[in-house]
Amino acid sequence: MSQKIWLSSPHMGGNELKYINEAFAENWVAPLGPNVNGFENDLEQFLGNNVKAAALSAGTAALHLALIECGVKHGDEVICQSMTFSASANPIAYCGAQPVFIDSESDTWNMCPKALKEAIEDRIKNGKKPKAIIVVHLYGMPAKMDEILAVADEYQIPVIEDAAEALGSSYKGRACGTFGRFGILSFNGNKIITTSGGGALVCHTQEDKDKIVFLSTQARDNAPHYQHSHIGFNYRMSNIVAGIGRGQMEVIKNRVEARRAMHDFYVELFKDIDGVTVFTEPESDYYSNHWLSAIIIDPVITGKDRESLRLTFLEDNIESRPLWKPMHMQPVFESAPYYGTNISEELFDNGLCLPSGSNLSDEERERIANVIRSYFRF
């Protein structure tokens, strides 16, 4: 069998070991040290807009702490985009709160501002004003932030940006993850850059960053003994892991360019196939890192479906995956309120994520192209 082509595999830059070896040589094998500080500074410089970044053990940990800092408690409600990975919604349950899911709009596949406004008004009418809004930049595509922030501002509800998939993406020239009260980044093994596992919380003040670091290191009070006045968490990124991140940040621009080139590869490949749409920016205000390239297959026009294409890829040892199954369709959240129509459901039914790694070779791209040509018979 041919060597496996992964959907999105890690891609090292070369200098990761330098930072890791420095940590070992200096005995900074702990959840603090120069790599953590350096990685945070690299992120802050890359994102711009005078943000602060706290390096944490996972993007999920960052989202959990963001909800806590937004005052989310047991019995509260939090609005969340339905078309996303479960890690966007799970921290709501960690807080003992209830998710309220919102459908997508068809331009960016992200949270629909109209459904958002409808949901807020209805929840308020029912006596439950939501405590926060979690909007996701799906597959790196920026959400309609102007419209979403306008609704959030109207009802004075803080926005948390789940930019786990969107490092390197921007909306109207501003980096995703810097619009809301908090932003969330992920450096999981499949992301555009990786620390093997890890994440970061993006905020706008040193005070917020200091509070996040305090909570993420077991909330130890300033005392000579171990004293705690708050519930804390073991969520801080280690100095070793941060060393990988420093090496990755040296090549982040190249990684974004390579992912966008994969998107262009698919646009060219599918340009003459009726009934297949490549997920792309709706206009120039949106700049996606195209972390994952995805397509929608119209079964009526093509006579094909995304599952049969996925299985065809699998026969040649090529990984592809359906789009995220919306959260309101998940068994674990089946009782949660949902607002919208069926856009996210249709996307799930007909959408497929294609191999998008920044390290794919010309030979691997040709294998992918051959499968698609054979499947669609052109």
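Begin by selecting Ala163, Ala164, Glu165, Ala166, Leu167, Leu185, Ser186, Phe187, Lys191, Ile192, Ile193 and Trp291, which line the largest cavity (a cavity being, on a 1 Å grid over the protein atoms alone, a set of points where a 1.4 Å probe fits but cannot get out, with lining residues having an atom within 4 Å of a point). This is a predicted model, in which local features need pLDDT of at least 70 and side-chain atom pairs count only at pLDDT 80 or more, while totals for chains, interfaces and linings use all residues. Residues are numbered from 1 along each chain as its sequence is written, and side-chain values use heavy atoms, with hydrogens and water left out.

The largest cavity holds about 50 Å³ of space, and its lining divides into 9 nonpolar, 1 polar and 2 charged residues (Ala, Val, Leu, Ile, Met, Phe, Trp, Tyr, Cys and Pro count as nonpolar, Asp, Glu, Lys and Arg as charged, and the others, Gly among them, as polar).

Next, select Phe85, Ala87, Ala164, Ser186 and Lys191, which of the 23 residues lining the largest pocket lie nearest its centre (a pocket is an open set with protein on both sides within 12 Å along at least five of seven lines). About 330 Å³ of space lies in this pocket, and its lining comprises 9 nonpolar, 10 polar and 4 charged residues.

Finally, turn to helix H1 (residues 16-25) and helix H8 (residues 239-249), which pack at an angle of about 150° with their axes 7 Å apart (helices are DSSP runs of H or I, at least four residues, numbered from the N terminus; axes are lines fitted to C-alpha atoms, for helices over the stretch in contact, and angles run from 0 to 180 degrees between N-to-C directions). H1 is therefore roughly antiparallel to H8, a term for angles over 145 degrees.

Technical notes:
Helix = DSSP H or I, 4+ residues; strand = E, 2+ residues; numbered from the N terminus. Parallel < 35°, antiparallel > 145°, perpendicular 65-115°, else oblique. Points joined across faces, edges and corners; volume = space filled by probe spheres on them.
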